[in-house]
Amino acid sequence: MKRAFAHIGFSFGVTLFVLNAFGAEVAIYAAVALAGVFICAVSLPNLRRGVSLPLCAGSALFACLLFLYAYHAVVLPQLTLGNKTAECVFYLTNLGEPTTSGYAYTANVRAIGIAGAPQNIHIRLYCKEQIPASGYQLISGNLRFHSCGESGFSSYGAWGKEIFLKANLKDYEVTDKLLNPTMRQILKLRYKLKESVMNGVGGDEGALAVGMLIGDKSYISQEVYRAFRITGAAHLTAVSGLHLGAVTGVFRFAFDKLHVTKKISAPILIVIIAFYCVLSGLSKSVLRAGIMLAILLVGEVFKSRADSLNSLGFALFVLCLNPFAVCDISTLLTTICVLAIVAVYPKITGSRPFKKFKRQLRKLGKGEIAYKVAGFIIRITELVILSFSIVLCSMPVMAIFFGGFSAIGIVLNVIIVMLGTVSVTVALIAILPLHLWFAVKIVNRLIIAIVMSASKFPLAFVVLGKSFIVVLGAALVFIGVGVLISKSAAGKAAVSTVVAVAVFICAFTVYDNHCSHILVTKTGAAVVSTNGSVTVYGVDSANDYYTVKGYLDSQNVKADTAVNCSKQYLQRFKEAYSATKIVTVNQPYSVKVGGVTFAAGNSASGNIVLCGKSLYTADGGGELENDVIITVTTDAYSAEPYMPSVLT
């Protein structure tokens, strides 16, 4: 059958996405149901001839069995170590990243001093000081373990990296024993590349170059990275298909100039791709791109054209052999982006209206110069359509994980993707002794300037609430019904859905801009956003800080005023958001929000009162069990549980 790997890969990935959302208990029932479907599909001749149903059912059944095995054999044994302290032997597998309270590392724990504990596991390691050890150098010390989350999605992608535990390190001793010479040399090369780029370029321009070359974003300043994130351009700061394509293109250009045949160059390029994937940290996005490029190169050698959807399906299947990989936002977004490129974009550019537009534009272009101008306009239009296709397809994932999407990113990505390709190409050449770092600095400075300017536009980030998820779900059901009826009905349903979703976004954005919001955490901190002013109140713990920071980032706003916050977190708000007004009061705090009064303190009075860990409104109140978001109009307000996005 055509596109067998597409059927296998997407059935496999979608099943694992559902299982990670609903848990192991559902996986058992799903496995039983799918086993029945698979047996029927194989047994009944009419179903067996179609091939698609048995192939998809078999792939989904395999996904259930793999998920159950991984959860019970790998995850649960590690989660039993939560809140336990043990003497361990471990080594670091990355260079470390500075955090607000010390340094963070990825580490492999070879031995844990608890009877029956799993050994040789990956963890996220935190230490208040920089550990004076090189990569893959054995260290002994006391580790206090904590769970990264109760599910793949609650771990914010950690499970997708096969990290189920985090640990704090206090007492330790670095030994002289070194392991894994090959990976140790690759880690050294990563460090040398980072050092070379930062010495040659420096600043945020150099930090961006490091991120694009080896996927290390630790040097990028908070302000710049925040701008990239809210404009939908954060993909440029991490290694992905764009960067791998540039690397492959540079070497391919050199091979073509040297007249090296494809039978010789293709295997060399595959080795280069594999090495670059390892060098850049084996992220899911670069692995997906690497697998697809390798398939295309093999197809060239054997003179057979690789099908893009088949290649993507195969890449997705390989990635999802780790059943929690779908919880990694990069896996979802890169897969959806490629789907947009190979499925949605060709449909739009191949449609009758677009073909008519091109014909009319060509007719207007009389003369060689006019014809070239018309061709340039068509190419730019195609790039905008490509960017629109990607934003449209990724919107559901962006809404669920980030709480919104970047409207300005549709146009912005056309510009920065071209500049990013130039930047990566020049940086690769600059690594050689050609002293072209000034060119990297110029291009990256231009990219940063464009992104920083774009982040200040009103539509840099459009926040979408839970109601959007309901509308989106109804729209997808509408399309699904159209597909069942006929192809023409499916097309009409899709167009109607796009229009309906666009109208909803505009209406919701206008309504939301006329509302004020109050976020109250279950531990007694608050964020008050009204009339363009944002005040944070009572932040005195790490949980409060990261909840508040996540909310501010998701809303694309900065904290102007900090009230009754501890000294440690006041400083962080100053650094992250340049908070100018710092207020420390012992008496109750109150502020007018829309047509109501929000007050905080032991003897405070108002329409909405926060007292310690309790919240009181006209409808009553008491101790908070969850974070709450309150939406205030002119003279009314409503409260609902606050669900933070992955952006936090």
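**Figure 1. Contacts across the whole chain.** Among contacts (heavy atoms within 4.5 Å) with a separation of 6 or more, 67% join residues 24 or more positions apart. The model is predicted: local features need pLDDT of at least 70, side-chain atom pairs count only at pLDDT 80 or more, and totals for chains, interfaces and linings use all residues. Residues are numbered from 1 along each chain as its sequence is written, and side-chain values use heavy atoms, with hydrogens and water left out. The chain holds 20 helices and 20 strands. These are DSSP runs, numbered from the N terminus: helices are H or I with at least four residues, strands E with at least two. Of the 648 residues, 46% count as buried. Buried means under 20% relative accessible area, exposed over 50%, and partly exposed in between (1.4 Å probe, protein chains only).

**Figure 2. Packing of helix H1 on helix H4.** H1 spans residues 4-22 and H4 spans residues 52-79. Their axes lie 8 Å apart, at an angle of about 40°. Axes are lines fitted to C-alpha atoms, for helices over the stretch in contact, and angles run from 0 to 180 degrees between N-to-C directions. H1 and H4 are therefore oblique to each other; angles under 35 degrees count as roughly parallel, over 145 as roughly antiparallel, 65 to 115 as roughly perpendicular and the rest as oblique. From H1, the contact includes Ile 8, Phe 12, Leu 16 and Leu 19. H4 contributes residues including Leu 55, Phe 62, Leu 66 and Phe 67. In this contact, 13 residues are nonpolar, six polar and no residue is charged.

**Figure 3. Helix H7 and the glycine after it.** H7 covers residues 222-230. Its buried residues are Val 224, Arg 226, Ala 227, Phe 228, Arg 229 and Ile 230. Just after H7, Gly 232 has a positive phi of about 75°.

**Figure 4. Asn 83, a positive phi outside glycine.** Asn 83 sits in the loop between H4 and strand S1 (85-92). Its phi is near 65°, a positive value in a residue other than glycine. Asn 83 counts as exposed, because its relative accessibility is 53%.

**Figure 5. Glu 162 in the loop between S5 and S6****.** Glu 162 is not a glycine, yet its phi is positive, at about 60°. With 40% relative accessibility, Glu 162 counts as partly exposed.

Key:
Ala, Val, Leu, Ile, Met, Phe, Trp, Tyr, Cys and Pro count as nonpolar, Asp, Glu, Lys and Arg as charged, and the others, Gly among them, as polar.
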